[in-house]
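Open the model in your viewer and keep the sequence beside it. This tour tells you what to select at each stop.

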Amino acid sequence: PIPNPPAPLAKGQDGLKLSNDPAHPFITPGPDDLRGPCPALNTLANHGFLPRNGVARPDQIVTAVMEGLNLGNDFAKFLVYQAFLMNGNPLTNLMSIGMHTPLTGQNPPKPALVGGLSQHGTFEGDTSMSRVDAFFGDPAAFNQTRFNDLLDFSTKYGFNGTYDLNATAEFRFQRLQDSIMTNPELDFTAPRILSAYSEAVFPLVYFVDGRLNNRQLTQDAATSFFADQRLPADFHRQPAPVSFEVIEPMVGEIFAKHPFTPGVNHGKNNYQLMPNTPALSDFCGIYKDIVLRVIPAQYPRPSSQLKDALNKNLGFLFGAVKQQHNCTQVFPYGR
Ligand code: HEM
Ligand code: MG
């Protein structure tokens with residue numbers, strides 16, 4: 001029995017709210033608690049918006065990001081069901097927000113990965129802002145050197161030293177240039193290009209206190225989320241649900257400052273363009289690529305039980321994109 005995705009927060013319950021409240025105390029994760037590459041989900045787990053062991057159902061994650069940070073329902077579902085199809089266990093409906101764990105139950109047959117969010121080359125990918133590329137080390141672990149660069153770019157390019165849209169644009173592009181120069185195995189193609197650019201913008205929206213809501217993240221607040229994986233004291237979420245309609249224009253703006261073409265490195269500083277893969281602006285192309293290429297690579301010929309579960313989750317994913325984007329639904333396993 002796979003639960004349907006949660007509904008949007010009810011009217012009147014979807015506004016400004018204290019997230020760092022007594023019902024959600026910060027507790028340092030224990031040695032067996034899983035944490036991974038996403039500072040937001042790690043933080044939400046540390047405050048009990050998600051199970052503190054780091055293993056959750058997709059619907060729980062949708063609820064957690066709506067409640068804790070006021071992600072819009074569509075946008076939350078898009079992120080979660082995309083990640084779940086790449087990294088979760090469709091048979092048990094569980095996913096690790098970190099590395100693979102037996103707690104997600106018996107795996108479906110290979111080449112399925114069920115790797116958790118830390119699995120490189122699925123949702124997790126290169127040119128992250130606070131993590132190293134997988135070629136250099138653990139791509140899920142917070143990296144202080146990388147994060148110091150984020151702070152330096154804020155000091156240099158942001159208004160009053162904040163991480164704002166201008167700092168984001170410069171830092172996002174520098175991260176790509178750095179990986180092109182140093183990572184012989186850099187892969188910067190769909191779907192990673194979309195997550196890389198979206199995640200660059202998330203902090204200056206969702207990590208800014210909703211009472212201020214000025215799209216300027218202070219270095220103290222950035223440090224709280226990224227390094228401490230902790231909500232700042234008295235943190236209030238966004239004053240209204242924030243979805244595609246806010247994030248996408250911001251992504252468009254930072255892209256316009258420094259455009260790029262998808263590609264992969266064949267050795268250091270040898271970036272081969274892949275103009276026939278979906279571009280950052282081609283949202284429906286990226287959706288189609290996920291559904292027809294990325295997911296079937298792990299589930300080429302699913303048994304009937306598995307196929308039913310995959311089809312349900314693929315339906316939830318499409319449900320998240322059809323409102324805002326006029327994509328045509330695609331069916332890797334038939335209707
Ligand atoms: C990475 C924020 C929701 C999965 C990131 C990063 C940020 C971020 C800033 C980039 C870290 C870096 O580049 O070093 C957020 C915010 C969210 C959110 C603010 C919602 C409020 C989600 C959800 C999922 C997810 C719902 C999936 C269920 C990931 C993964 C990465 C990531 C897999 C690693 C990508 C990489 O950098 O390689 N997130 N996230 N995030 N997030 Fe989230
Ligand atoms: Mg990464």
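We go from the whole chain to its parts.

The model is predicted: local features need pLDDT of at least 70, side-chain atom pairs count only at pLDDT 80 or more, and totals for chains, interfaces and linings use all residues. Residues are numbered from 1 along each chain as its sequence is written, while chains are lettered from A and ligands numbered from 1 in the order in which they are written.

**The whole chain**

Select the protein chain. Ten helices and five strands make it up. (Helices, H or I with at least four residues, and strands, E with at least two, are DSSP runs numbered from the N terminus.) The radius of gyration is 19 Å, close to the 20 Å that the globule rule gives for 335 residues, so the chain is as compact as a globular protein of that length. That radius is taken over C-alpha atoms, and the rule is 2.2 Å times the number of residues to the power 0.38. Along the principal axes, the C-alpha atoms fill a box of roughly 55 × 50 × 40 Å. Of the 335 residues, 47% count as buried. (Buried means 20 or more other C-beta atoms within 10 Å of a residue's own, exposed 12 or fewer, partly exposed in between; C-beta atoms are placed from the backbone.)

**Helix α3**

Now select residues 73-87. This is α3, with 15 residues. Buried residues number 15 of the 15, so α3 is largely enclosed by the rest of the structure.

**Ligand 1**

Show ligand 1 and its shell. There are 25 residues around the ligand, and Pro37, Cys38, Ala40, Ser128 and Ser130 come nearest. (Near means a C-beta atom, placed from the backbone, within 6 Å.) Which helix gives the largest share of the shell? It is α6, with five residues. Helices α1 (39-46), α2 (58-69), α3 and α6 (192-206) each supply at least two.

**The sheet**

Next, find the open sheet of three strands, in the order β3-β4-β5, with antiparallel pairing. Both β3 (187-188) and β5 (271-273) stand at the edges with a single partner strand each, so one side of each is left without a neighbour in the sheet. (Strands pair if DSSP finds at least two bridges between them.) Select β4, residues 263-265: three bridges join β4 to β5. Gly263 has Leu273 as its bridge partner in β5.

**Gln323**

Finish in the segment after α10 (304-321), where Gln323 is found. Is Gln323 buried or exposed? Gln323 is exposed, with 12 other C-beta atoms within 10 Å.

Notes. The expected span of a helix is 1.5 Å times one less than its number of residues. A residue is near a molecule or strand if its C-beta atom, placed from the backbone, lies within 6 Å of it.
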